[in-house]
Amino acid sequence: MATATTKTADDEKSLNDWLPITSSRNAKWWYSAFHNVTAMVGAGVLGLPYAMSELGWGPGITVMVLSWVITLYTLWQMVEMHECVPGKRFDRYHELGQEAFGKKLGLWVVVPQQLTVEVGVNIVYMVTGGKSLKKAVDTLSPHGGPPIKTTYYIMMFAAVQFFLSHLPNFNSITGVSFLAAIMSFCYSTIAWMASVRRGTQPGIKYTPKASTTTGQTFGFLSALGDVAFAFAGHNVVLEIQATIPSTPETPSKKPMWRGVVFAYIVVALCYFPVAMIGYWVFGNTVEDNVLISLERPPVIVVIANLFVVIHVIGSYQVFAMPVFDMVEYFLVVKMKFKPTKFLRFVSRTSYVALTMFLAITFPFFGGLLGFFGGFAFAPTTYFLPCIMWLAIKKPKKFGLSWFINWICIILGVLLMCLAPIGALRQIILQAKDYRFYS
């Protein structure tokens with residue numbers, strides 16, 4: 001009996017040493033900082049001026065500030081719960097869910113939502129990378145660029161991912177993530193500074209984009225999803241923390257939280273200027289990607305779009321790594337495949353090909369932001385950590401912590417229910433106007 005138990009423990013350790021999330025635990029606090037920046041400041045920031053145009057000044061600023069505060073609070077909860085059981089680390093989101101809701105229910109509650117978020121982000125980033133690359137090429141050409149369809153630009157972006165996806169674990173993509181984090185700050189700064197340089201134009205309006213009450217309502221709801229999409233780091237935070245070493249004297253939550261605070265300062269410096277200045281300059285004519293609204297100066301537009309491409313290359317990998325971990329675990333433990341390099345090559349190549357195909361099939365950037373933001377990001381970011389906190393920590397009923405968590409839960413549920421409704425309408429409208437493979 002003891003031999004069997006020892007063998008099981010050895011097998012589990014051997015598997016964890018192979019899986020991408022747990023195979024390396026030597027990360028520093030600044031790894032946490034730029035992994036979180038890379039995960040957070042992505043395609044979502046470029047859609048914030050568009051969200052502001054649907055929400056208006058008052059509601060828009062209110063939603064932005066509330067989202068920043070609430071998501072920082074729920075991120076702190078997840079960092080704290082990573083080692084809430086002495087001697088045990090919850091290295092993956094679903095493991096924490098199993099601790100809160102039970103072995104089976106925890107998987108069903110967390111895994112579908114987390115996969116929806118991570119796969120959804122990878123699809124959106126395929127679209128973003130392809131569109132930004134096309135925008136850069138078209139801007140450089142005096143005659144509108146070569147007649148290359150968006151499809152092929154998405155395939156060019158995917159070609160890079162086919163190569164990078166074979167880096168074995170989170171720490172092996174540190175350099176890529178660091179470069180992506182720098183790029184995210186740079187293109188966000190370029191976006192709002194170029195907008196300031198352009199200045200407001202005659203005839204700019206700050207009225208809702210839609211002319212009917214129904215259109216304004218759906219636009220408002222979709223914009224809530226756009227904002228939710230912009231705060232996406234929670235879905236990879238435990239996996240990032242899993243790469244940090246932990247001892248009783250220096251638990252992983254200390255360096256992790258230090259990195260999170262740094263990341264959220266960067267988030268504020270990127271999000272609020274881009275959202276407010278972009279809306280101030282373009283009003284209700286702003287595109288769902290603010291860089292598309294910027295037509296001049298051409299060199300700055302090209303540089304900013306190339307920065308976006310570099311950033312989403314790294315961000316794709318940050319969100320894909322937990323998916324690789326889940327897929328490889330399933331193939332080895334459930335399907336009884338041997339943990340080999342060939343298995344990793346086939347599974348990861350297939351995943352990149354799948355996201356590329358879906359990006360080519362559904363290239364509706366704005367609608368995808370709102371839909372994924374409301375449907376999946378709201379639960380995993382805004383209120384699921386609060387529910388887990390109540391289940392695991394069991395704060396005093398009707399105490400301050402209890403009230404704060406229930407307020408976050410109520411707001412998050414409303415966001416989850418309302419945002420996808422507006423986003424689906426946006427997708428349908430964009431699908432009618434968009435030419436496939438343009």
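Glu-328 is found in helix α14 (residues 298–334), where helices (H or I, at least four residues) and strands (E, at least two) are DSSP runs numbered from the N terminus. The model is predicted: local features need pLDDT of at least 70, side-chain atom pairs count only at pLDDT 80 or more, and totals for chains, interfaces and linings use all residues. Residues are numbered from 1 along each chain as its sequence is written, and side-chain values use heavy atoms, with hydrogens and water left out. The chain has 17 helices and 0 strands.

**Burial and contacts overall**

- Of the 438 residues of the chain, 55% count as buried; buried means under 20% relative accessible area, exposed over 50%, and partly exposed in between (1.4 Å probe, protein chains only).
- Among contacts in the chain with a separation of 6 or more, 86% join residues 24 or more positions apart; a contact means heavy atoms within 4.5 Å.

- Glu-328 is buried, with a relative accessible area of 0%.
- Leaving aside residues up to four places away in sequence, Glu-328 touches Trp-18, Leu-19, Pro-20, Arg-344, Ser-347 and Arg-348.
- The axes of α14 and helix α7 (residues 103–140) come within 8 Å and cross at roughly 155°; axes are lines fitted to C-alpha atoms, for helices over the stretch in contact, and angles run from 0 to 180 degrees between N-to-C directions.
- α7 and α14 are therefore roughly antiparallel to each other (angles under 35 degrees count as roughly parallel, over 145 as roughly antiparallel, 65 to 115 as roughly perpendicular and the rest as oblique).
- α7 passes α14 in a left-handed crossing, a term for the near helix being turned anticlockwise from the far one by less than a right angle, with clockwise giving right-handed.

**Nonpolar cores**

- In soluble globular proteins, nonpolar side chains tend to be buried together.
- The largest nonpolar core has 116 residues, of which Met-126, Val-227, Phe-231 and Tyr-271 touch the most other members; such a core is a set of buried Ala, Val, Leu, Ile, Met, Phe, Trp, Tyr and Cys residues joined through side-chain atoms within 4.5 Å.
- Helix α12 (residues 253–282) supplies the largest share of this core, 15 residues.
- Beyond residues up to four places away in sequence, Tyr-271 touches Met-40, Val-41, Val-45, Leu-48, Met-64, Ala-230 and Phe-231.
- A second, separate core of 6 residues includes Leu-15, Trp-18, Val-332 and Leu-343.

- Helix α11 (residues 234–241) is largely enclosed by the rest of the structure, because 8 of its 8 residues are buried.
- Those buried residues are His-234, Asn-235, Val-236, Val-237, Leu-238, Glu-239, Ile-240 and Gln-241.
- The axes of α11 and α12 come within 11 Å and cross at roughly 140°, and the crossing is right-handed.
- His-234, Val-237, Ile-240 and Gln-241 of α11 make the contact with Lys-253, Met-256 and Tyr-264 of α12.

- The 25 residues of helix α9 (residues 174–198) should span 36 Å at 1.5 Å a residue, which agrees with the 36 Å between its end C-alpha atoms; the expected span is 1.5 Å times one less than the number of residues.
- Just after α9, Gly-199 takes a positive phi of about 75°.
- Phe-185 is found in α9 and is partly exposed, with a relative accessible area of 37%.
- Not counting residues up to four places away in sequence, Phe-185 touches Val-266, Leu-269 and Cys-270.
- Phe-185 and Val-37 are 148 residues apart along the chain, and their C-alpha atoms are separated by 8.7 Å.
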